[in-house]
Every structure is written in structure tokens, then in C-alpha cells.
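This report goes through the structure shown below, one topic at a time, with the cut-offs given alongside the terms that need them.

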Amino acid sequence: MENHKKEIIGENSKSLLHTIKIEVADSPIVKMRHEQVLQQEKELRYTNKRKQKFKKAILSCVIWSIIICIIPFLVFFSMTIFSPASQPNFFGIRLYVVTSQSMEPQIMTGDCILVKSVNNVKDISVGSDITFTRASDKLVVTHRVAEIINDNGLIKYKTYGINNKIGDSIDYDKELVEFNNVIGTRIGVSAFLGDLLSFGQSAYGIVALVMLVILMAGLVFINYKISNSIRHGKTK
């Protein structure tokens, strides 16, 4: 009998404890606290999502900056490498690799000269280094202007290579250069660009150029994936 009473008391105690737990769980304070926790979690997820988007946006900008900086040079060097005879015009500037010693020591064999196009005879003066197409053999030459001659209104230039001498005398070019045959004036010289262009025209240079194109394509693809992730709000 006593054992039966204890069991009843025990059951009543458990029931009472369960009732207390339910009442505590359903209390306004607990609900409020639970809502606060949920709100904090929601704000934290939103903050993390914003940070992820910001980081991806920065990365996308960096990639685009690299692409924008490289593309003009990639196009220019590609055209220069694959069309060395045409020498494409890039913002009025052409590149030529020097193949003779006529302008040494100022311009060494293998150097790259930067030639700016000219549209007016006033852009050329005595002492200017001009790049021109020689009329007799269509060879592109860069020599210095020694004299400007006005032949009945037709401007011609007497030129020479600073390294072309006969004894102590300057060996002037036999042909006068007409303004129509002038490509431009030399505005700079770079041994590094000369080496780069010479390398680009070799078999190894072609392989390197192809790899660079693949790298550029990879950067564009990565940037597309990043932009797509930002647009659709996907974060890890």
C-alpha cells in the first residue's frame, strides 16, 4: 500500500515538473529572448552576406582592372608580332626593332624605337630622328635629319646615320626623303621592348602569347562567376 502511494506521489511530481517546464517555456520572457536570438542570428547572417558581397565586388574590380590594363598591350603586341611588316598604329605610335648599326651608340642593334606619326612638316626639324620608307627599296630606315630642303614647295630631308662615316666625314644618305615617305619621328628607345618583341617573334614568344590569352580568358571567366554570385546573392 505504501509503495503504491509512493508511486502515485512520484507520478504527480513528474506531472507537476512537466507542467512547470511548459509554463516556463511558454512565458513571455522566454519568447522574447528567443525572438531576440533569432533576430540577432538574422542580422549576423545579413552582415556576413554583405561582407561576402563586398569582398567579391572588390575582387571583381581588381580583376577587371588587370584585364583593362593588359588588353591594350596584348592587342598591340599581338598585332606587332603577327604583322611585323605592317607595324600597326597604336594611338599614333609605332614600334620598330632596329636591325642595323647605323645609329649606334645612341640606338643599338636590337633596340626598340617608339615612332610618333607626324602630320605637319613643322613637326620635323634639323636634328630630329625620323623613320621613313626609302623610295628605292621600300626599306624602313631611321636616320637623323641634317638639312631641310624646299624643292619648289616640296619638302625633302637630307639624312644620315650617326655611325655612318667616311673617315671623319659624315656619310649622308644618297636619297633625299620626301615628307610623304616619312612615317614619324623617334620619341623614345627601349632595349627591354626590343628584347620583348624579338622574343615575341620567336617560337617561344608565340607559346607565351597563347598562354597569356588563356590566362586572360580564365580571368574573364572567374570574374563572370564572381559577378553572377553577387547578382544572385550566393555566399559560402
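## Terms and basis

Buried means under 20% relative accessible area, exposed over 50%, and partly exposed in between, with a 1.4 Å probe and protein chains only. The model is predicted, so local features need pLDDT of at least 70 and side-chain atom pairs count only at pLDDT 80 or more, while totals for chains, interfaces and linings use all residues. Residues are numbered from 1 along each chain as its sequence is written, and side-chain values use heavy atoms, with hydrogens and water left out.

## Overall layout

The protein chain has four helices and eight strands, where helices (H or I, at least four residues) and strands (E, at least two) are DSSP runs numbered from the N terminus. Their order from the N terminus is α-α-β-β-β-β-β-β-β-β-α-α, and 28% of the 236 residues of the chain count as buried.

Isoleucine 58, in helix α2 (residues 28-82), counts as partly exposed because its relative accessibility is 42%. Together, Phe54, Ile58, Val62 and Ile66 make a nonpolar surface patch of about 370 Å²; patches are made of residues with over 30% relative accessible area and no salt bridge, like charges being joined within 9 Å and nonpolar side chains (Val, Leu, Ile, Met, Phe, Trp, Tyr) within 5 Å. Accessible areas come from the Shrake-Rupley method with a 1.4 Å probe, and for residues only the protein chains shown count as cover.

In helix α3 (residues 191-200), the residues Leu193, Gly194, Leu197 and Gly200 are buried. Seen down the axis of α3, these buried residues fall within an arc of 130 degrees (taken from the directions from the helix axis to the C-beta atoms), so they line one face of the helix. The face turned away from the buried side of α3 carries the exposed residues Phe192 and Asp195.

## Salt bridges

The structure holds four salt bridges, each defined as a side-chain nitrogen of Lys or Arg within 4 Å of a carboxyl oxygen of Asp or Glu. In one of them, the closest N and O atoms of arginine 144 and aspartate 129 are 2.6 Å apart; this pair links distant parts of the chain, with arginine 144 in strand β4 (residues 140-151) and aspartate 129 in strand β3 (residues 129-133), 15 residues apart. Arginine 144 is buried at a relative accessible area of 14%, and aspartate 129 is buried at 5%.

A further salt bridge joins lysine 156 and aspartate 151 (3.2 Å, N to O). Lysine 156 counts as buried at 16% relative accessibility, whereas aspartate 151 is partly exposed at 33%.
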